[in-house]
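Morning, everyone. Let's go through some side-chain contacts. Have a look at the model first.

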Amino acid sequence: MIHGSSIFIHVGQIHVDQAPQAISTVLGSCVAVCLYDSKLGIGGMNHYLLPFWNGNGLQSPKFGNISIPKMIELMMAKGSTPKTLEAKIFGGASMRISGSEAMMIGEKNVLVAHEILNEYRIPIVAEDIGGQSGRKIQFNLERGKVLMKYATRSEL
């Protein structure tokens, strides 16, 4: 699935780059938002673990409400505007690691992405979210396409 050189990002990381670079990650209940500006040929991906920073500790990009605005800010610093951006969302699986779905972390991670992108009026042009399988994704900045493969628990 992974073709050519690709920057791999881990939980709590954000990467913004330009073509011909690619960005990749592996997701379970975490979510990755991919932003693409086709006019400038730049894109960014984040990978966050939890939906909201609760105000304790450092504001880390491992929280969706910190990571998504920070990535938008990084894209805007490179010349993008919310009007020239489009988004794709991946992840948010229910991995049932604890045996309880009461936390519904994956669903909450997806909801925060929808809310923040809606606030900035950035259209979501594609998403593959929820379910019970993890995902491997590679964001090709050449054309703004995302390749995705479902991952088994042992691959996460």
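Predicted model: local features only at pLDDT ≥ 70, side-chain atom pairs only at ≥ 80, totals over all residues.

Start with E73. Its relative accessible area is 48%, so E73 counts as partly exposed.

What does E73 pair with? It forms a salt bridge with K70, and the closest N and O atoms are 3.5 Å apart.

How many salt bridges turn up in the whole structure? The search finds 2. So, on to R135 and D128. Here the closest N and O atoms are 2.6 Å apart. Is R135 buried or exposed? Buried: its relative accessibility is 2%, and the cut-off for buried is under 20%.

Now the aromatics. A search of the whole structure gives 1 aromatic pair. That pair is Y36 with F139. The geometry is edge-to-face, with 6.1 Å centre to centre and 70° between the planes.

Where do the two rings come from? Y36 belongs to strand β4, residues 31-37, and F139 to strand β8, residues 134-140, so the pair ties together parts that are 103 residues apart in sequence. Both partners are buried. Y36 has a relative accessible area of 7%. For F139 the value is 1%.

Definitions and conventions:
Residues numbered from 1 in each chain as written. Heavy atoms only, no water. Phe/Tyr/Trp six-rings, centres within 6.5 Å; stacked < 30°, edge-to-face > 60°. Helix = DSSP H or I, 4+ residues; strand = E, 2+ residues; numbered from the N terminus. Buried < 20%, exposed > 50% of the residue type's maximum accessible area, 1.4 Å probe, protein only. Salt bridge = Lys/Arg side-chain N within 4 Å of Asp/Glu carboxyl O.
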